[in-house]
Amino acid sequence: MELKLASYNIHACIGTDGHFDPFRIVDVIREIDADIIALQEVEHHMVNDIDLLDFIAQQTGMIGIAGPTMFRESRHYGNAVLSKYPLSSHELIDLSLAPHEPRGAIQLRLEIEQHQLVIMTTHFGLKPTERQYQVEKLLSRLGEHEVDTAVLMGDLNEWFLWGRTLRRLKAYFDTTPSRKSFPSFFPVFALDRIWVHPRQHLLSLDIHKSSLAKKASDHLPVVARILF
C-alpha cells in the first residue's frame, strides 16, 4: 500500500505576517491530507480552551502525539506527530547535547497487514556538532530494528550540501531528492527532509507551496508518498 507522509515546521503557528493563527496551520494540514505528519516548533498554547496540539488533532480528525523538548512554567515546546492510523507504539528519544537547546525525536512504529514501519521525526540542532551527534544516535537506533520500511523526517537544520550530516544520511538512505522549503515566501534552503529506507520505497517527494502555506509559517511542508 501507499502512505502519504509530511513534515512541517509550524513556527509556533506564527505566520510570515507575524500573527499567531493556528487556524491557518489547520487549513494547511487539511490541504496536505497526509496519513502521518511530523510537526516541529509546537508551542503548547491554549486554543479554544484546549492545548494547541489537541486543538489541531481535533480539527483535523487525527491522533496527536506530543514530543516536548523544552518544559516551561507557562507552556511546553517541541515536536509532535499527527496520524490517521493508530500506532503500535511510540517513544521519545533525547537528542540533547549540552550546552545547546534541548532536542529530541519521536520514534513511531506502525504495523499494517503484517508490514512493519518505523518513523523517526525530529528537529536537529543549529550547530554542526549537534547534528553529527544527533544523526549518529538516530541511525544507531534504526539499525536495531528489522522492519520493512524505515523513515527519518523533520527539520534537519542542515544547509551544507556536503556536510557530514547529509553524507551520513546518504550512506544509509541512499541519495534522496531535496526540495527547498525555507523561507516559505522565497525558498532557498532545503532544511526540511524526508528520508526512506529502502530507497525504492520512496515514490515521490515534493514541497507543498500553496498560497496559504506561504503565509502560515516560515517553512513550507515537505510531502512524500512511500510504498509500505
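In the predicted model, strand E1 (residues 2-9) is largely enclosed by the rest of the structure, because six of its eight residues are buried. Two strands pair with E1. Strand E13 (residues 222-227) runs antiparallel to E1 and is joined to it by six bridges; within this pairing, Ser 7 has Val 222 of E13 as its bridge partner. Strand E2 (residues 36-43) runs parallel to E1, with five bridges between them, and Tyr 8 stands opposite Leu 39 of E2.

Ile 37 has Leu 82 as its bridge partner in E6. These strands belong to an open sheet of six strands with mixed pairing, in the order E5-E6-E2-E1-E13-E12. Strand E5 (63-70) and strand E12 (202-207) each have a single partner strand and stand at the edges, so one side of each is left without a neighbour in the sheet. On average, and with direction ignored, neighbouring strands of this sheet are turned by 15° against each other.

H1 lies across E1, E2, E6 and E13, and runs at about 155° to E1. Helix H2 (residues 52-60) lies across E2, E5 and E6, running at about 20° to E6. Leu 53 is itself one of the buried residues of H2, the others being Leu 52, Phe 55, Ile 56, Ala 57 and Thr 60. The packing partners of these buried residues are H1, E2, strand E3 (46-47), strand E4 (50-51), E5 and E6. Just after H2, Gly 61 adopts a positive phi of about 70°.

Helix H4 (residues 164-173) has Thr 165, Leu 166, Leu 169 and Phe 173 as buried residues. Seen down the axis of H4, these buried residues fall within an arc of 90°, and they therefore line one face of the helix. An α-helix has 3.6 residues a turn, so residues three or four places apart point the same way. The cover over the buried residues of H4 includes helix H3 (128-142), strand E10 (149-155) and strand E11 (192-197). Asp 174 follows H4 and has a positive phi, near 75°.

Thr 122 is located in strand E9 (residues 115-123). Its relative accessibility is 1%, and because the cut-off for a buried residue is under 20%, Thr 122 counts as buried. The side chain of Thr 122 reaches the backbone oxygen of Gly 104 at 2.9 Å. Not counting residues up to four places away in sequence, Thr 122 touches Gln 40, Asn 79, Leu 95, Gly 104, Ala 105, Leu 138, Leu 152, Met 153, Gly 154, Asp 155 and Leu 156.

Conventions
Residues are numbered from 1 along each chain as its sequence is written. This is a predicted model: local features need pLDDT of at least 70, side-chain atom pairs count only at pLDDT 80 or more; totals for chains, interfaces and linings use all residues. Side-chain values use heavy atoms; hydrogens and water are left out. Helices (H or I, at least four residues) and strands (E, at least two) are DSSP runs, numbered from the N terminus. Buried means under 20% relative accessible area, exposed over 50%, partly exposed in between (1.4 Å probe, protein chains only). A polar contact is a pair of N or O atoms within 3.5 Å; within protein, one must be able to donate a hydrogen and the other to accept it, and residues adjacent in sequence count only if both atoms are side-chain atoms. Contact means heavy atoms within 4.5 Å. The arc is that of the directions from the helix axis to the C-beta atoms. Two strands pair if DSSP finds at least two bridges between them. Axes are lines fitted to C-alpha atoms, for helices over the stretch in contact, and angles run from 0 to 180 degrees between N-to-C directions.
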